[in-house]
Amino acid sequence: MVVWTPWRCGKKEMKKLSASQDNDPGPRLLKVNQYLEKNFPDFFAEARFHVGDDDYFLYSRFGQYLARSIENRRAPRSKIYRGFTVLNKMAAVSRKDPQVLRMLVSGPLEHLLDAPKARALAMKRLSPVAQGYLESLCE
């Protein structure tokens with residue numbers, strides 16, 4: 001993709017955008033992916049095996065995993081809190097990237113909304129930005 005930047009320092013120039021700036025949210029989620037892989041290695045490995053490099057399905061599955069863990073009380077609190085840290089990091093990235101926002105809202109937050117215990121805990125543990133996104137889903 002080429003972007004025209006008019007008169008810069010007395011010259012007209014064409015500037016090429018890198019592919020990472022087009023439609024792929026992957027590089028923007030690199031730190032979130034690294035945190036997810038570090039704190040949930042079994043989940044991450046299995047999800048990557050099933051969905052490949054598709055971050056949308058990865059985070060959708062993560063929302064399902066987190067909601068089920070909360071509803072069934074299968075994970076220790078510390079692990080659940082780290083799960084909310086993943087979503088808070090994602091919410092921080094989503095403030096600058098509408099694709100990540102769509103991925104967050106239509107994936108993990110939607111799954112948390114469908115589980116009553118998970119939704120109640122999410123309202124306590126999510127950042128104000130992520131809580132706003134969750135509340136907008138309730139409407």
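## Overall fold

Seven helices and two strands make up the secondary structure here (DSSP runs, numbered from the N terminus: H or I of at least four residues for helices, E of at least two for strands). Along the sequence the order goes β-β-α-α-α-α-α-α-α. Of the 139 residues, 40% are buried (under 20% relative accessible area with a 1.4 Å probe, protein chains only).

A word on the model: it is predicted, with local features needing pLDDT of at least 70 and side-chain atom pairs pLDDT 80 or more, while totals for chains, interfaces and linings use all residues. Residues are numbered from 1 along each chain as its sequence is written, and side-chain values use heavy atoms, leaving out hydrogens and water.

## Helix α3

Helix α3 covers residues 55-72. Its buried residues include Leu 58, Phe 62, Leu 66 and Ile 70. The buried set packs against α1, α2, α4, α5 and α6 (contact being heavy atoms within 4.5 Å).

At the helix start, a side-chain oxygen of Asp 54 comes to within 3.1 Å of the backbone nitrogen of Tyr 56. After the helix comes Arg 73, with a positive phi near 50 degrees.

## Where α4 crosses α7

How do α4 (residues 77-94) and α7 (residues 128-138) cross? Their axes come within 8 Å and cross at roughly 85 degrees (axes are lines fitted to C-alpha atoms over the stretch in contact, angles running from 0 to 180 degrees between N-to-C directions). So α4 is roughly perpendicular to α7 (65 to 115 degrees).

On the α4 side sit Asn 88, Ala 91 and Ser 94, meeting Val 129, Ala 130 and Tyr 133 of α7.

Notes: Parallel < 35°, antiparallel > 145°, perpendicular 65-115°, else oblique. Expected span 1.5 Å × (residues − 1). Buried < 20%, exposed > 50% of the residue type's maximum accessible area, 1.4 Å probe, protein only. Polar contact = N/O pair within 3.5 Å; in protein donor to acceptor, adjacent residues only side chain to side chain.
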